[in-house]
Amino acid sequence: MKYTAIFFQYAAQYLKTRFTYRVDTVIEIISDLLSQTVNFIFILLVFNHTSFISGWSRDEIIFIYGFFLVPFAIFGAFFNIWDFNERYIVKGEMDRILTRPIHSLFQIVLERMELESLFGVITGIGVMFYAGSRLGLSFSWYDPFIFVAMVLGGTLVYSGIFVLIASISFWSDSPTSIMPMIYNIGNYGRYPVDIYNHVIRFVLTWILPFAFVGVYPAAYFLGREDWYVYAFMTPIVGSSFFMLSVIMWNIGVTKYRGAGN
Amino acid sequence: MIEVKELRKEFKSHSSRSGLKGAFRDLFTRNYKVVPAVNDISFTVKSGEMVGYIGENGAGKSTSIKMLTGILTPTSGMVKVNGMDPHKEREQFVRSIGVVFGQRSQLWWDIAVQESFRLLKKVYNVPDDVYNVHMNHVIESLDIAPLLDKPVRKLSLGQRMRCELAAALLHNPPLLFLDEPTIGLDVLVKLKIRAFLKEMNEKYNTTILLTTHDLTDIEALCERVIMLDKGKIIYDGKLVNLRSNWGEGKQIEFQFADLTMTKERLMPLLAEFEAVWTPGDRNNVWVANVRNDEQIISNVIGRVLAAYKIIDLKVHEMSIEDIIRNIYEEGITNG
């Protein structure tokens, strides 16, 4: 309860700062939308010639991509921790975080929030509607609720992975090179995993479970019944992975060495 | 208030071998060295005390302060601050302390000072009525009312520091840690901050632990000092005792009319007084370091005046800074 109140306080403050830099904000939103359009066009181009990839139609793949955009946007809005190592460990900003009476990870989420990323949610839903209407998908009354659960699960998977990697900074000095690599791997989750070989599929399901951000949950809405088990595991995998990452984070905090003055 | 027993913090650092060959060997086997930054220190601080925590760079000041504030986990030993274990109960604990790191801002860079205060008020969950009474007082004493609607990045260092101090005291903590609070500030701001800290200490009985390189801060504020060297406490006691134990000497500075005065010519004058001549900042300035004894002082002055013409004469008491420098150079031998 208290955390929610603090969250809104920070969000309000964030918007206020944003409005003072109007031009900046507008440019950022435009560039955000632009990069999403480019991605979208790219998908259309790639799948223009081949209408099926191991049993997936072009519109299904577009649908998965659209779904992926939603948890990815939420992740992007709240977990800007790709520069955690430089910003908080090397520069010693973590000292300040640790002298405040709120969980350290939550404080970083609050400080680094980038709410304009949430526009990606709209783009994603738009893409899903486009692909969904072409596929003639029908939705029942409970589907929006399942959608929310799936999106939350996917967001937690994504965030969990990056929190886990950020936690390495507490032990090692230079994990920065891993971050971009994992970002790239994250992109694989937006394509049907059965187009990859077994090893990659296994990795994307159990080690770096990016598949739970895109394909698996989207498979539910596409009515792919053979994938339902995976689809419904999304919230479970999400919450357990995120919990694991928070535990690692908490252990990491006790190993924090601080930066010299 | 603060209770520390055999507190120790070790850092593991690997010492790299030299050269390319060495770097290559480092890839496989590393030489780890365990360095104790804080080496089994013990002390207690009572409620309402103002303690100066001093030491050279790398003496372990920052590390021990970080353990006291819950930022770092101790390797071994016991810390109890405000009845809590700072690291284990961190979120609860930090509500009872205020922290100012002189070289690091607690405030949000882009937003107005009062917005920062508002956020912190929410973070510390301070009720409105308590906040209003207390903060109005703080804002008035620090004279920061005109700064409240300016973003932090537009403030000067002195203005920012006063706002930092106000932010640290927003929840009126009984214990305040200040790490280099006056670094880089001009004299007026320093005086203002000192007066403010004194007032807080009198009004709320706030306990203050202060590290600084500026010993005049300590002289102005602290009755007690804890001195660290290489991770160990080398002195813990009253500041006045420090002066009476080690600061017994006087320095008599002569400026001679003769511009080519040499040590050899001065030496015979003070042969039986165990006095030492040290060169001053100019060629014709020499300082006699003597024991604090009226007989000796008058004798030295008399003899020098009888032998040579002088332009100027000054008698200095040894400053705390000199005393501390002596202690670091010679170690505590006569204590």
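Trainee: Where is the place of M161(B)?

Mentor: M161(B) sits in helix α6 of chain B. Helices here are DSSP runs of H or I with at least four residues, numbered from the N terminus. This is a predicted model, where local features need pLDDT of at least 70, side-chain atom pairs count only at pLDDT 80 or more, and totals for chains, interfaces and linings use all residues. Residues are numbered from 1 along each chain as its sequence is written, and chains are lettered from A in the order in which they are written.

Trainee: Is M161(B) buried or exposed?

Mentor: Buried, because 24 other C-beta atoms lie within 10 Å. The cut-off for buried is 20 or more other C-beta atoms within 10 Å of the residue's own, with C-beta atoms placed from the backbone.

Trainee: Which residues does M161(B) touch?

Mentor: P181(B), L185(B), V189(B) and I193(B), leaving out residues up to four places away in sequence. Touching means that the C-beta atoms, placed from the backbone, lie within 7 Å. The C-alpha atoms of M161(B) and K190(B) are separated by 9.9 Å, and the two residues are 29 apart along the chain.

Trainee: New topic. Which residues of α4(B) are buried?

Mentor: V113(B), E115(B), S116(B), F117(B), L119(B), L120(B) and V123(B). Their cover includes α1 (2–20) of chain A together with α6 (157–168) of chain B.

Trainee: What span should α4(B) have?

Mentor: 16 Å, for 12 residues (113–124) at 1.5 Å a residue. The rule is 1.5 Å times one less than the number of residues. The end C-alpha atoms are 16 Å apart, which agrees.

Trainee: And what comes just after α4(B)?

Mentor: N125(B), with a positive phi of about 60°.

Trainee: How many residues does each chain put into the contact between A and B?

Mentor: Chain A puts in 21 residues and chain B 25. On the side of chain A, α1(A) gives the most, with seven residues.

Trainee: Last one. At what angle do α3 and α7 of chain A cross?

Mentor: Roughly 165°, and their axes come within 8 Å. Axes are lines fitted to C-alpha atoms over the stretch in contact, and angles run from 0 to 180 degrees between N-to-C directions. The two helices are therefore roughly antiparallel, a term for angles over 145 degrees.

Trainee: What residues make up that contact?

Mentor: The contact of α3(A) with α7(A) has 15 nonpolar, six polar and three charged residues. Nonpolar covers Ala, Val, Leu, Ile, Met, Phe, Trp, Tyr, Cys and Pro; charged covers Asp, Glu, Lys and Arg; the others, Gly among them, are polar.

Notes: Angles under 35 degrees count as roughly parallel, over 145 as roughly antiparallel, 65 to 115 as roughly perpendicular and the rest as oblique. A residue is buried if 20 or more other C-beta atoms lie within 10 Å of its own, exposed if 12 or fewer, and partly exposed in between; C-beta atoms are placed from the backbone. Two residues are in contact if their C-beta atoms, placed from the backbone, lie within 7 Å.
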